[in-house]
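Colleague: I would like to learn how to read a model like this one. Please take me through it step by step.

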Amino acid sequence: MTTTPAAPPHPRGRSGPDRHPHLADPGRGRPCSRLGTALRSDDGAAVAEFPLVAVLIIIIALGVVQAALIMHTRNTLTDAAVQGAHHASLVGSTPQDGAQRAEHLIDERFGRGLGAAATATLDETGTIRVQVTATLPVVGLLGPAAALSVEGRALDEEVW
């Protein structure tokens with residue numbers, strides 16, 4: 001009686017249909033075709049996933065930049081309106097001086113690209129209101145424009 005030596009174990013574990021029982025044809029005990037195995041594998045998935053994820057990340061990043069641009073523009077216009085109202089509230093100044101001051105500040109910061117216009121009014125309570133309206137691009141620095149209106153108020157010193 002001769003015995004054959006046992007085969008050394010496979011370094012990665014079992015091999016053949018026993019290694020992946022879900023890949024075996026039912027009832028036959030042999031592996032499925034190569035096409036079925038290739039379709040079930042994850043090889044090359046990163047190549048397809050990267051562009052999909054990269055596009056989403058880029059869209060989110062551009063949205064954050066756009067939101068920051070709008071907030072910066074709004075805050076700067078509000079500051080110009082407040083500075084214009086404070087200038088108009090000084091003794092010897094008129095509301096129109098405040099509107100001109102606000103437009104001057106906007107032109108210094110943004111140039112004429114926003115198309116900003118300032119109007120100033122003095123109400124019966126002695127409050128000077130400087131309202132700034134501007135058009136800012138909704139998509140980046142180009143693209144369709146949307147209207148933005150902000151207001152700055154100050155008490156007229158001559159009334160007090």
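The dialogue below goes from the overall layout to single residues.

Modeller: Keep in mind from the start that this is a predicted model.

Colleague: How many helices and strands does the chain have, and which pattern do they follow?

Modeller: The chain has 3 helices and 3 strands. Along the sequence they come in the pattern α-α-α-β-β-β. Of the 160 residues, 21% are buried. The accessible surface is about 11,500 Å², and carbon and sulfur atoms account for 62% of it.

Colleague: What does UniProt list for residues 50-70?

Modeller: The unreviewed UniProt entry lists them as "transmembrane region". In the model this stretch is 100% helix and 0% strand, with its end C-alpha atoms 30 Å apart.

Colleague: Which residues of α3 are buried?

Modeller: First the general idea. An α-helix has 3.6 residues a turn, so residues three or four places apart point the same way. In α3 the buried residues are Gly98, Ala99, Ala102, Leu105 and Ile106. These residues cover an arc of only 125° around the axis, which puts them on the same side of α3.

Colleague: Which exposed residues does α3 carry on the face turned away from its buried side?

Modeller: Gln100 and Glu108 are the exposed residues there. On the buried side, the cover includes α2 (45-89), β1 (117-122) and β2 (127-139). After α3 comes Gly111, with a positive phi near 80°.

Colleague: Which residues touch the most other members of the largest nonpolar core?

Modeller: The general idea again comes before the case. In soluble globular proteins, nonpolar side chains tend to be buried together. Here the largest nonpolar core has 20 residues, and Leu77, Ala118, Val130 and Val132 touch the most other members. Two or more residues of this core come from each of α2, α3, β1, β2 and β3 (142-155).

Colleague: What is Leu77 in contact with, leaving aside its neighbours within four places in sequence?

Modeller: Leu77 is in contact with Ile106, Leu114, Val132, Ala134, Leu148 and Val150. Leu77 is one of the buried residues of α2, which also include Thr73, Thr76, Ala80 and Ala81.

Colleague: How should I class Asn75 by its relative accessibility?

Modeller: Asn75 also lies in helix α2. Buried means under 20% and exposed over 50%, so at 41% Asn75 counts as partly exposed.

Colleague: What separates the C-alpha atoms of Asn75 and Val150?

Modeller: They are 75 residues apart along the chain, and 9.0 Å separates their C-alpha atoms. For the whole chain, look at contacts between residues at least 6 apart in sequence: 46% of them join residues at least 24 apart.

Conventions
Residues are numbered from 1 along each chain as its sequence is written. This is a predicted model: local features need pLDDT of at least 70, side-chain atom pairs count only at pLDDT 80 or more; totals for chains, interfaces and linings use all residues. Side-chain values use heavy atoms; hydrogens and water are left out. Helices (H or I, at least four residues) and strands (E, at least two) are DSSP runs, numbered from the N terminus. Buried means under 20% relative accessible area, exposed over 50%, partly exposed in between (1.4 Å probe, protein chains only). Contact means heavy atoms within 4.5 Å. Accessible areas come from the Shrake-Rupley method with a 1.4 Å probe; for residues, only the protein chains shown count as cover. UniProt positions are given in the numbering used here, feature names are shortened, and annotations may be inferred rather than shown by experiment. The arc is that of the directions from the helix axis to the C-beta atoms. A nonpolar core is a set of buried Ala, Val, Leu, Ile, Met, Phe, Trp, Tyr and Cys residues joined through side-chain atoms within 4.5 Å.
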